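Dear colleague,

Please find below the structure that I am handing over to you. My notes on it follow directly after.

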Amino acid sequence: MSLLRSDEGRRAARLLEFDRLLEEVAEHCALERASDIVRATEPSTDVADLTELWSWVEELRRAHAREVDLGLGSFADLQRLIGSERPSPGPLGGEELAAVGGAARALSDLLRAIESQSEQLPRTARHLAGATDPRSLADHLSGALESDGRLKDSASPQLGRLRKAAAAAEGRVRESARRAMSEAVSHQWTNGSELVLRGNRFCVPVRSGSRRKVAGIVHDRSDTGSTLFIEPLAVVEAGNELAEARLAVDEEERRILVALNRDVADAATALLDLFERAVEIDAVRARVRWGAQWNGQVPELGRDASGTLLLDGF
């Protein structure tokens, strides 16, 4: 039962600066959601619940003393990415998918670390029993995405090929534009010496009096009207090829992201379950980390004849 349900209990919690204590413990969490759980903890007099909790703390305290690495570090909050707290519906972008992949790898590392130490960490191992290892999802996402969410060329057999084709098309555009600019300079059809971008099209700045010397599409004119920005016909055709190549890249990238979203959706339930278990472990481990600063000990709990809760072991 929570002591905060009585005026006397709330007064005792204030005198003991219980909120301040919880804040100190919460700072030792790796995950923000675990910090929130610690901050929301209420003092209790339920001996059975407290005994269960402190036996878990003692297990992790011994592991901490042996410098056992649980493989639990900071990673993205999956409830906000793929769970009930996602701020908006719709598919995940590349950056969000990469964050899910990082979280899946961290959770897999935790699960494997605990499994390898199951004899020394039986209570923690039971807490993770039946959880699905998300390593295959983590590997799949990291194989397709850079850490910043950009799709790798190897994300699909087609993507790398399409990107190479787009790069080659861009090279042809630049070369065609360079030749057109060189011709305009040599014939003094231009006041400039460099190509000008209008939108995503390469244009030659042509003197208005030389307009008919350069066959192409006029995309803009200078404020004074003395210069026209013309995309030569050879560049137009090369630019069309480039636009088509980029559209093919965009379409393949969209297809890959849809498929990755489907993979994450299929794994979401198991992944969120493991995430919540990891949060609980982190909240318990924070007590251990805080206690280590003060050379703390896990108490033995009991009651006297009057029913008063006793803390032994000090």
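**Strand pairing and surroundings**

Strands β2 (residues 201–207) and β4 (residues 227–232) run antiparallel and are joined by four bridges. Arg207 stands opposite Thr227 in β4. Two strands are taken to pair if DSSP finds at least two bridges between them; strands (E, at least two residues) and helices (H or I, at least four) are DSSP runs, numbered from the N terminus.

This is a predicted model, in which local features need pLDDT of at least 70 and side-chain atom pairs count only at pLDDT 80 or more, while totals for chains, interfaces and linings use all residues. Residues are numbered from 1 along each chain as its sequence is written, and side-chain values use heavy atoms, with hydrogens and water left out.

The open sheet has four strands in the order β1-β2-β4-β3, with antiparallel pairing. Its edge strands, each pairing on one side only, are β1 (196–198) and β3 (216–221).

Helix α9 (residues 157–186) lies across β2 and β4, at about 5° to β2. Helix α10 (residues 233–293) lies across β2, β3 and β4, at about 55° to β4. Contact here means heavy atoms within 4.5 Å; axes are lines fitted to C-alpha atoms, for helices over the stretch in contact, and angles run from 0 to 180 degrees between N-to-C directions.

Elsewhere, Ser118 is found in the loop between α6 (94–116) and α7 (122–127). Ser118 counts as partly exposed because its relative accessibility is 33%, the class between buried (under 20% relative accessible area) and exposed (over 50%), with a 1.4 Å probe and protein chains only.

With kind regards
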